[in-house]
Amino acid sequence: MSADVMQGRRVALIDGDSRLDLVVPLRARVDDVLRAAGSDAVRGTRVVGIAGREIDRTTSMSSLDDGVVLVLVDPGASLPDAVARAAAAPNAVRVSAVSWVLAAGGGILALLRLADGDALPSAALGPVAVLALLGAAIAGSVFATRARSRTAILAPVVGVIALAFGGGVAVVPPLPASGSLVAVFTGLLAGAIVAGVIGVVGATETLRAQSRTATIVLLVLAAVWGLSLLMHLDPSAPAAVTLGLVPVAQRVLQSSLVDVAPGTFIDYGRFQSTRWTVRQHLPDEVRTIEADDADALVERSTARLTIGVVLLISAGAASALTALPSFDTDNPVVLGGRIALATTVVLALLLGSRRSTVPFLRWVERAGAVAVIVAVLVALLPRVSPEMLVVSAGILLVIALGSALLVVPVGRGLRSLGWSRTGDIFEALATALSLPAGMLAAGAVEIARAMMAT
C-alpha cells in the first residue's frame, strides 16, 4: 500500500508578542502563510527575515530554508510609543521601590511608638509624624491623579496607607492617657482617610475600587480597636479579635467581589411562579457583555481582592504577638481561646491558600500563617523545658521529612479529590470558629459577666 507524502517547510511566524509555528506546503507563498495565520489584516505590514532582510510576499516557500523565521513589522508604529513602552518597566521598578520605602518608613514610625515610646523624644517624634501624614496625603493624591490603566497600583497604595498608619500612630504623644489603643486607632483612621481620598480622586476605576475596599477594611479594623478603647480593654483583646477576624473577613471579601445587581443570578421565572414566593423587582436582564467590560470587571475584582487580603494578613500578622502574649494564664477560657485562635487561623490561612486565583496571594496567606506560628513559638519557648524542646524538634523533623517526601509526587501532578474535600471541610470549620476563638481569647466571657454584674 502506498501513500503520497507531502513535503513542507517549518515556519516560525512572529507577530508582536505572539509566535506561531507552522508547517506549510512547498508550493505555498509567504502571502498564503500570512492569510492562513490571520496576520494579513493590517495593510502595509512588511515581512522580515531573521537577518533583517525584507522578504517579498510572493516568495515561494520552496525558496526558503526549513525552519525559517518570519517577523511582521509595522512601519506605521511611532517611535514615541515604542520609547514609552521601553521606559514603562524602569518606571514601574522605581515606583515600587519608592512604595516600599514609604511602607518601611510607616512601619518604623509605628514600631518606635508602640514598642518603645522613649526611643525618640516627643519633640522630634511629633513633627516627624505630621510630616509623614502630609507626605502620605500628598503622595496618594499625586499618584491617584496620575495613574493610568496600565499603572501598577498595589504597591503604591499599600505604601501610602502604611505611611499614613505610621504617622497616625506616631502623632499620638506617649502619655499615660494615650496608650497603644489610642495610637493604633488613630493610625487606622489615618490610613482609612488617605485610602478614601485615593478612592475619590483616582483616575481609573480599578484604582478607585481598590482604594474603597481598603477604606472599608481599615474602618472595620478601626471599629474593633475603637470599641475596645471605649470599653477600656487590654491591647491583647482587640488584637485577638483582629487576628480571629482575618479568615472571616477574607471569606466575606471573596463573596462580595463581583459588583453586579442583586438577584442577577436568580432564576425568577422559576422561583416567582409559586404562591408562597416573595415578590420583588426583577433586575435588568443581561443579554450580552462585551469583552472589555468583562476584562474591566475581572481587573476591578482582582484589585479589590488583592488589597483586601494584603491588608487583612498584614493586620493579623502585626497583631499576632499581642494577641498571643503567653499561654500561662489562670483563666482556662482565655487559654482555650488562645489555643483555638492560633490553630484555626493557621489552618484557615494554609488551607485557604490552595484555592487562591492570584499566585501572589497564596504566598501572602502562607506568610501570615508563618507569622502566627512564630508568635506561638515566642510565647511557648520561655515555658518549655529542654527535654520538651528535644521532643518538639524530633516531631518537627518527622513532619519535615514527610513534607519532603510529598514534594516529588505533588510536583509531578499528584492530586486527590478525597484529600481536597477533607481540606475544604477543615477550612470551613476553621474559618467559622476563628472569630469566636478570638473573642474567647479576648476575654469576652469575663467582659459579659462584668457587664451583667453592673
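Trainee: At what angle do the axes of helix 4 and helix 9 cross?
Mentor: Axes are lines fitted to C-alpha atoms over the stretch in contact, with angles from 0 to 180 degrees between N-to-C directions. Helices are DSSP runs (H or I, at least four residues), numbered from the N terminus. Here, helix 4 (residues 154-170) and helix 9 cross at roughly 35 degrees, their axes coming within 11 Å. This is a predicted model, so local features need pLDDT of at least 70, side-chain atom pairs count only at pLDDT 80 or more, and totals for chains, interfaces and linings use all residues. Residues are numbered from 1 along each chain as its sequence is written, and side-chain values use heavy atoms, without hydrogens and water.

Trainee: Which residues make the contact?
Mentor: Contact means heavy atoms within 4.5 Å. L154, V157, V158 and I161 of helix 4 meet T306, I307, V310 and L311 of helix 9.

Trainee: And how do helix 6 and helix 9 lie relative to each other, parallel or perpendicular?
Mentor: Angles under 35 degrees count as roughly parallel, and 65 to 115 as roughly perpendicular. The axes of helix 6 (residues 205-230) and helix 9 (residues 291-323) cross at roughly 30 degrees and come within 8 Å, so the two are roughly parallel. Among the residues in this contact are A209, T213 and L221 in helix 6, and A303, I307 and A315 in helix 9.

Trainee: Where does R366 lie relative to W363?
Mentor: A charge sits over a ring if NZ of Lys or CZ of Arg is within 6 Å of the ring centre and within 35 degrees of the ring normal. R366 lies over the face of W363, 4.7 Å from the ring centre.

Methods:
Parallel < 35°, antiparallel > 145°, perpendicular 65-115°, else oblique.
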